[in-house]
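The entries follow the order in which I looked things up.

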Amino acid sequence: MKIYLVRHGETDLNKQNRMQSISDEPLNEKGIAQAQAAKQKIGDMHFDAIYSSSLIRAITTASIIGGVDKSEIIIDDRIIEADFGKYEKKKYYFIGLPMILHWCLPEVFPPRKTVETVDHIKARANSFLEDLKTKDYDSVLIVCHGNFIRFFKHILLKDSKQATWKDFVENCELQEFEI
């Protein structure tokens with residue numbers, strides 16, 4: 001099975017360098033253009049299934065890239081963005097040293113109260129991947145979120161090094177894997 005993994009297009013919160021996790025922020029004009037450019041890059045590729053988180057920025061990106069109506073997208077909340085709790089919508093450089101340390105070295109510094117743990121994100125990623133492995137797909141498009149993608153990739157690749165928040169994923173960056 002080929003997996004095409006994509007982060008959603010840009011939103012206004014992304015543009016403003018604000019923490020964005022479970023806020024249901026739509027794509028801005030640049031985000032729509034990024035999704036359209038990703039669609040052009042892959043052309044008329046057929047996907048046996050298209051998955052998205054329940055957030056509108058991911059659903060819209062999946063619809064554009066997959067060339068399907070939003071009603072044809074499989075919504076799965078296991079692939080939703082990491083929950084940043086009380087840090088939601090804060091500017092990155094105003095989140096404080098404890099959160100910055102967790103962001104850079106989550107294996108050493110624990111998350112702040114209200115922030116989803118790395119273990120919980122990994123459990124969601126592993127659960128989703130195990131279910132995906134049971135499907136009879138040749139190719140699947142998964143549109144989700146940067147922080148989820150970081151940990152999903154490490155599980156997918158069985159990477160021995162620790163996934164960290166600093167493994168940045170660009171908006172509408174297309175990554176291809178085979179399992």
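The notes below go from the sheet to its helices and then to single residues.

**Entry 1: ground rules.** I am working with a predicted model, in which local features need pLDDT of at least 70, side-chain atom pairs count only at pLDDT 80 or more, and totals for chains, interfaces and linings use all residues. Residues are numbered from 1 along each chain as its sequence is written, and side-chain values use heavy atoms, with hydrogens and water left out.

**Entry 2: the sheet.** I looked up the strands first. Helices (H or I, at least four residues) and strands (E, at least two) are DSSP runs, numbered from the N terminus. Two strands pair if DSSP finds at least two bridges between them. In which order do the five strands of the open sheet lie? The order is S3-S2-S4-S1-S5, and the pairing is mixed. The edge strands, each pairing on one side only, are S3 (74-75) and S5 (174-178).

**Entry 3: strand S2.** I then followed S2 to its neighbours. S2 (residues 49-52) runs parallel to S4 (residues 139-144), and four bridges join them. Within this pair, Ala49 has Val140 of S4 as its bridge partner, and Tyr51 stands opposite Ile142. Towards S3, S2 has two bridges, and these strands also run parallel. There Tyr51 stands opposite Ile74. I checked which way the side chains of S2 go: Ala49 and Tyr51 point one way, Ile50 and Ser52 the other. All four are buried (under 20% relative accessible area; over 50% is exposed, and in between is partly exposed, with a 1.4 Å probe and protein chains only).

**Entry 4: helix H3.** S2, H3 and S3 make a right-handed β-α-β unit. Right-handed here means that, with the strands pointing away from the viewer, the path from the first strand over the helix to the second runs clockwise. H3 (residues 56-66) packs on the sheet and touches S1 (2-7), S2, S3 and S4; contact means heavy atoms within 4.5 Å. The direction of H3 makes about 145° with that of S4. For such values, axes are lines fitted to C-alpha atoms, for helices over the stretch in contact, and angles run from 0 to 180 degrees between N-to-C directions.

**Entry 5: H2 against H3.** How do the axes of H2 and H3 cross? The axis of H2 (residues 29-42) comes within 8 Å of that of H3, and the two cross at roughly 30°. The crossing is right-handed, which means that the near helix is turned clockwise from the far one by less than a right angle. On the H2 side, the contact is made by Ile32, Ala35, Gln36, Ala38, Lys39 and Ile42. On the H3 side, I noted Thr61, Ile64, Ile65 and Gly66. By class, the contact has six nonpolar, three polar and one charged residues. In this count, Ala, Val, Leu, Ile, Met, Phe, Trp, Tyr, Cys and Pro are nonpolar, Asp, Glu, Lys and Arg are charged, and the others, Gly among them, are polar.

**Entry 6: helix H6.** H6 (residues 146-156) lies across S1, S4 and S5, running at about 155° to S1. I found H6 mostly covered, with nine of its eleven residues buried. Among them are Phe148, Ile149, Arg150 and Phe151. The cover over the buried residues of H6 includes S1, H4 (97-104), H5 (118-133), S4 and S5. Lys158, which follows H6, has a positive phi near 50°.

**Entry 7: Arg124.** Is Arg124 buried or exposed? Arg124 has a relative accessible area of 10%, so it counts as buried. This residue is in H5. Leaving out residues up to four places away in sequence, I listed its contacts as Asp77, Arg78, Ile79, Ile80, Glu81, Ala82, Glu116 and Phe148.

**Entry 8: loop residues.** I ended in the loops. Asn17 lies between H1 (12-15) and H2; its phi is positive, about 55°, although it is not a glycine. Asn17 is partly exposed, at 39% relative accessible area. Thr114, in the loop between H4 and H5, has a positive phi near 80°. Its relative accessibility is 48%, so Thr114 counts as partly exposed. Arg18 is in the loop between H1 and H2 and is partly exposed at 26%. Arg18 touches Leu13, Lys89, Lys90, Lys91 and Tyr92, again not counting residues up to four places away in sequence.
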